[in-house]
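Open the model in your viewer and keep the sequence beside it. The tour below goes from ring to ring and then to a strand.

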Amino acid sequence: MNHYEIIEDALMHIEENLEQPLSLDSVAASANLSKYYFHRLFSAMIGCSLNDYLLARRLNASLDFIQNQKDSLTEIAYRLNFGTQSSFNRAFKRQYQIAPGALRTGSRRISATPVPTVVKRAVKNINGDVVANFSLIELEHTKLSGIAFEVDLITDAYKAEIRSYAKKLLSHLDESVSGPCYVVYSNCQPDSTRFKVLFGIPSAIKIDEPYYFTVDLPPLFCAKFTYSGDLLDIGDVLKSDYARFLKISKQETEDSTIELVQVFDDVHHLESDYQIYAPIKKLPIDSDF
């Protein structure tokens with residue numbers, strides 16, 4: 001069994017036993033791992049500690065009890081191992097910005113979230129720390145032709161917008177066009193939630209429409225990660241992986257307008273594994289790259 005299957009099984013074990021007094025020892029034992037290795041693996045794969053995850057899932061489970069059942073808040077607190085109603089109330093309000101009593105009596109509803117998907121990627125052990133597998137690489141200068149647009153990550157519509165533009169580009173490519181597809185994310189300005197996005201391929205595309213561009217992707221020294229799944233659905237995991245990488249590797253982010261480069265091996269198969277390149281500073285120790 002591989003590492004993400006171990007964590008998937010652990011998440012199901014947790015979900016089925018939220019009303020039990022779960023602990024690191026008990027969950028690690030269910031996975032047949034030492035608690036020390038399990039905790040490092042869990043944190044690396046999920047992006048938070050086991051205790052934080054247990055709290056979030058118990059609060060998530062409480063939504064159904066509050067909104068659809070008649071148990072008192074005290075009964076719910078004890079049922080989900082919060083100890084006291086006051087500790088349950090505080091945790092619930094921190095998570096959802098509303099008191100559980102107000103949720104029960106008000107018109108607002110909060111939908112429960114499903115068990116999170118475990119993002120598939122390789123991991124490695126560095127001095128006892130489990131991190132997403134990475135390599136340091138020089139991304140070469142590449143001329144890209146494709147579709148460029150802007151999205152605002154603060155809106156709920158940005159994922160649909162990105163997918164819409166991607167389909168627009170692919171609609172202009174026939175099967176004779178092969179090779180990789182690049183998705184380049186650039187920050188419009190410091191501390192902005194708006195990003196420029198380019199879907200492009202390293203081949204000439206001549207389409208007479210205003211949102212098609214040819215751009216030069218400059219050489220970049222990067223940390224390279226490999227993932228399976230949709231980049232738009234792994235944002236929090238990627239943030240966690242990148243933060244752990246910086247901490248453990250002692251690398252530093254590069255002051256670049258380019259935030260990320262996503263590369264698929266085949267422009268016609270955007271559901272396949274892909275590489276993420278995150279620009280970092282080239283330190284003296286990296287001079288061989």
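Rings of Phe, Tyr and Trp (its six-membered ring) pair if their centres lie within 6.5 Å; planes under 30 degrees apart count as stacked, over 60 as edge-to-face and the rest as tilted. By this rule there are 14 aromatic pairs. The model is predicted: local features need pLDDT of at least 70, side-chain atom pairs count only at pLDDT 80 or more, and totals for chains, interfaces and linings use all residues. Residues are numbered from 1 along each chain as its sequence is written, and side-chain values use heavy atoms, with hydrogens and water left out.

Select F134 and F225. They form a tilted pair, 6.5 Å centre to centre with 50° between the planes. F134 is in the loop between β2 and β3, while F225 is in strand β8, 91 residues apart. Strands are DSSP runs (E, at least two residues), numbered from the N terminus. Both F134 and F225 are buried, meaning under 20% relative accessible area (1.4 Å probe, protein chains only).

Now colour F134, F225, Y227, Y242, F245, F264 and Y274: they form one aromatic cluster.

From F264, go to C181, which stands opposite F264 in β9. C181 belongs to strand β5 (residues 181-187), where seven of seven residues are buried. Six bridges join β5 to β9, and the two run antiparallel; strands pair if DSSP finds at least two bridges between them.

How values were computed
Buried means under 20% relative accessible area, exposed over 50%, partly exposed in between (1.4 Å probe, protein chains only). Helices (H or I, at least four residues) and strands (E, at least two) are DSSP runs, numbered from the N terminus.
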